[in-house]
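Good morning, everyone, and please have the sequence and the model open while I talk.

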Amino acid sequence: MEQTNGNLSIPLTCGKCGSNNSVFVHNLTSTTRCRTCRAIVTPVAEPVCVGASSIVDLLEGAKVPVLAVFFDLRSGPCRVAAPDVNLLAHKVGGRALVVKVDAGACPELAIACGAHSFPYFLLLKGSERMLEHHGAAPETEMRRWLQPVTQSDGCLRPSRMAGFIDRYMRLLQGAQTMFWPWIRSGVRVQST
Ligand SMILES: [Zn+2]
């Protein structure tokens, strides 16, 4: 049974013809084909930037473990960590999703998720909170966190964490999604 949690999609560029394909979050690990030339489109291999309004859809739609990275732009360690986060997303593409959350743009979300200093890493697999870590870490260490959760197969249940965040966010009137302008790497989720 397929759950469609909104219409959250991620734009993926076809390596063959260069056209842009919107791939729904729940299809990110399936084989997709380019709508223009039918070539196979490889899974997302960049961090996905989400805000308060899209993280719930992403967590509920993802069929792979999600490593959420909460950044604060004023923090030096966050800037130091950014290249390693990008490299990690590249290496685990198709097996896990790396998402970036600008804690400055959605502080309530960061607090709800347990962040009290930045960068803050939260690894979620389905309904389970697998790991949390405060402070920058090298790519090799982050990949080690992901190893046990990306090796085992099995269908993920919709995230209880996502439900929790959803309820929390509903309490906040007029929560705005603001993408931070200066960590440009990473794709933006879009609602179609
Ligand atoms: Zn194509």
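Let me start with two helices: helix H2 (residues 76-91) and helix H4 (residues 139-151) pack at an angle of about 45 degrees, and their axes are 9 Å apart. Axes here are lines fitted to C-alpha atoms, for helices over the stretch in contact, and angles run from 0 to 180 degrees between N-to-C directions. That angle makes H2 oblique to H4, where under 35 degrees counts as roughly parallel, over 145 as roughly antiparallel, 65 to 115 as roughly perpendicular, and the rest as oblique. Helices (H or I, at least four residues) and strands (E, at least two) are DSSP runs, numbered from the N terminus.

Before going on, a word of care: this is a predicted model, in which local features need pLDDT of at least 70 and side-chain atom pairs count only at pLDDT 80 or more, while totals for chains, interfaces and linings use all residues. Residues are numbered from 1 along each chain as its sequence is written.

Which residues bring the two helices together? Asp-84, Leu-87, Leu-88 and Lys-91 in H2 meet Glu-139, Met-142 and Arg-143 in H4, a contact being two residues whose C-beta atoms, placed from the backbone, lie within 7 Å. The residues of this contact divide into three nonpolar, no polar and four charged; Ala, Val, Leu, Ile, Met, Phe, Trp, Tyr, Cys and Pro count as nonpolar, Asp, Glu, Lys and Arg as charged, and the others, Gly among them, as polar.

Strand S8 (residues 120-125) has six of its six residues buried, so S8 is largely enclosed by the rest of the structure. S8 pairs with S6 in the antiparallel sense over five bridges, and six bridges join S8 to strand S9 (residues 128-134), again antiparallel.

Technical notes:
A residue is buried if 20 or more other C-beta atoms lie within 10 Å of its own, exposed if 12 or fewer, and partly exposed in between; C-beta atoms are placed from the backbone. Two strands pair if DSSP finds at least two bridges between them.
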